[in-house]
Amino acid sequence: MAGALGGLAFAGLPFEAWAQSAGGGTLVIGSTQVPRHFNGAVQSGIATALPSTQIFASPLRYDDKWNPQPYLAKSWEIAPDGLSVTLKLVDDALFHDGKPVTSEDVAFSIMAIKENHPFKTMLAAVDKVETPDPKTAVIKLTHPHPALLLAMSPALMPIMPKHVYGDGQDLKTHPANLKPIGSGPYKLVEYKQGDYYTLEKFDKFFIPGRPKLDKIVVRLFSDPNALLVSTERGEIHSAPFITGVRDIDRLEKSQNLVVTDKGFEGIGALNWLAFNTKKKPLDDVRVRQAIAYAANRDFIVKKLMGGKATPSTGPIAPGSPLEEKNVEQYKFDLAKASKLLDEAGLKPNADGVRTTLTIDYIPGGDEQQRNVAEYMRSALKRIGINLEVRSAPDFPTWAQRVSNYDFDLTMDTVYNWADPVIGVDRTYLSSNIRKGIIWSNTQQYSNPKVDELLGKAAVETAPDKRKALYSEFQKIVVQDVPIYYINAVPYYNAFAKGLGNLPTSIWGIASPLDELQWVTPPKT
């Protein structure tokens, strides 16, 4: 343990004593996701959300029943016309530097998130934020915005101190992103890039008696198997976002772990194959459709994923009340795939090869990512496509390639984030083609009808009408194939027995861990 954490194993203490020293104890989390920085206001994804939701507080938080709960905002009121939301802030919230949290910080943060966050549609309806007094913020909207309260969640709306981040520097590259100051339950005290980062209890956190822990250490693993071994040995107390079916089975056998799939309802994670629709020959819809017909979704889900994953056939996650099941299924059909390639002018050469393409994948997720990419290589060979699998040494490398359109095909895992306006629209709106920003419209997909439908659905408050708009959207997108949908990701968390108040809200571990505590010492 001392070797893995370097200077964190203080004074040569044995692991049990080190983990339990200083009253509230230390939680050690293991992750394969290396954060670029710690500010969720300008970066999406779990690598950032995990620390950001500890460092920054947000206006609201959510329980496991999708109900909003007070956080920085002790109350909120939606105007009868739906064109404003008034937040009343708690009186005693402080930033980590001791300065009070005011409505000016809320206004600054909301407008900064609107300007800089990759989820461009999330706050598109926000016109301005008025601050009639230091503890009142009034969010003014250009049209009703059904997704706004969900957008106030910890992972989506971190409230930043204006006096730190409002100095005129580019927020996306602001030096405070690596040395953040928030008002959340924990403050960042150390970051050894690619190795670990350490969060310490904020003694002046505004919720009495919280956080329960003294320290959270997040160890970063380049090898997923090493993470599993460390978890089994008790060196890691929490292994979040486990997707591998064999990994889940393996950890469930441990007598010292609690393994649960609770806490992912708000995320709606989909695993898919994305196309660079502006790059030849993938700019031809027939080529994309051919690849979809050549990929055997049933084989991937039943064999590669052991039957534990749910098939996905469209952009809205299975189980959502807005999911449209009546879309093109792309049932496995090699003859149809070959015919489409012929029609697209991709004739096989003397060696039977029609074209050569490259497929990327997110590192660290073998069963959902690398294994499917390897399978696609053999699957597409049957229709004359030579597919070369390209690995990335880490997540930032993969993200840079994909966000700058340096790819042909890529495996990806993308979240619905509860409401389509937040997590779905961003992938398909032509206005969200934003080079350099991962999980925007990196496929460079553009369809005016889709833009129109998503625009109407974003402001429609009648549930039946909203569902009809999203149904039509799903049918068009599936036919256009900027993405081939494979499965809903089977996410699980593993926790050491002895931990109490596990995070099981709709945002799970991507939410404040201020209630998580040691009830009994960890077993090692």
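Okay, a bit of bookkeeping to start: Ala, Val, Leu, Ile, Met, Phe, Trp, Tyr, Cys and Pro count as nonpolar, Asp, Glu, Lys and Arg as charged, and the others, Gly among them, as polar. What we have here is a predicted model, where local features need pLDDT of at least 70, side-chain atom pairs count only at pLDDT 80 or more, and totals for chains, interfaces and linings use all residues. Residues are numbered from 1 along each chain as its sequence is written, and side-chain values use heavy atoms, with hydrogens and water left out.

So, cavities. A cavity is a set of points on a 1 Å grid over the protein atoms alone where a 1.4 Å probe fits but cannot get out, and its lining residues have an atom within 4 Å of a point. Points are joined across faces, edges and corners, and the volume is the space filled by probe spheres set on them. Searching the whole structure gives 4 cavities of 30 Å³ or more. The largest is about 50 Å³, and its lining includes His117, Phe119 and Trp417. What classes make up that lining? It has 5 nonpolar, 6 polar and no charged residues.

Next, strand β10, residues 215–220. Strands (E, at least two residues) and helices (H or I, at least four) are DSSP runs, numbered from the N terminus. Buried, for us, is under 20% relative accessible area, exposed is over 50%, and partly exposed is in between, with a 1.4 Å probe and protein chains only. In β10, 6 of the 6 residues are buried, so the strand is largely enclosed by the rest of the structure. Lys215, Val217 and Arg219 point one way, while Ile216, Val218 and Leu220 point the other.

Who are its neighbours? Strands pair if DSSP finds at least two bridges between them. β1 runs parallel to β10 with 6 bridges, and Thr26 has Lys215 as its bridge partner. β9 is antiparallel to β10, with 5 bridges, and there Leu199 sits opposite Ile216.

Last up, salt bridges: a side-chain nitrogen of Lys or Arg within 4 Å of a carboxyl oxygen of Asp or Glu. The structure holds 24. One of them joins Asp360 and Arg401 at 3.5 Å, N to O. That pair links distant parts of the chain, with Asp360 in β15 and Arg401 in helix α13, 41 residues apart. Buried or exposed? Asp360 and Arg401 are both buried. Compare Lys172 with Asp170, whose closest N and O atoms are 4.0 Å apart: Lys172 is partly exposed at 38%, and Asp170 is partly exposed at 41%. There's also a network linking Arg61, Arg210, Asp514 and Glu515.

Terms used
On a 1 Å grid over the protein atoms alone, a cavity is a set of points where a 1.4 Å probe fits but cannot get out, and a pocket is an open set with protein on both sides within 12 Å along at least five of seven lines; lining residues have an atom within 4 Å of a point.
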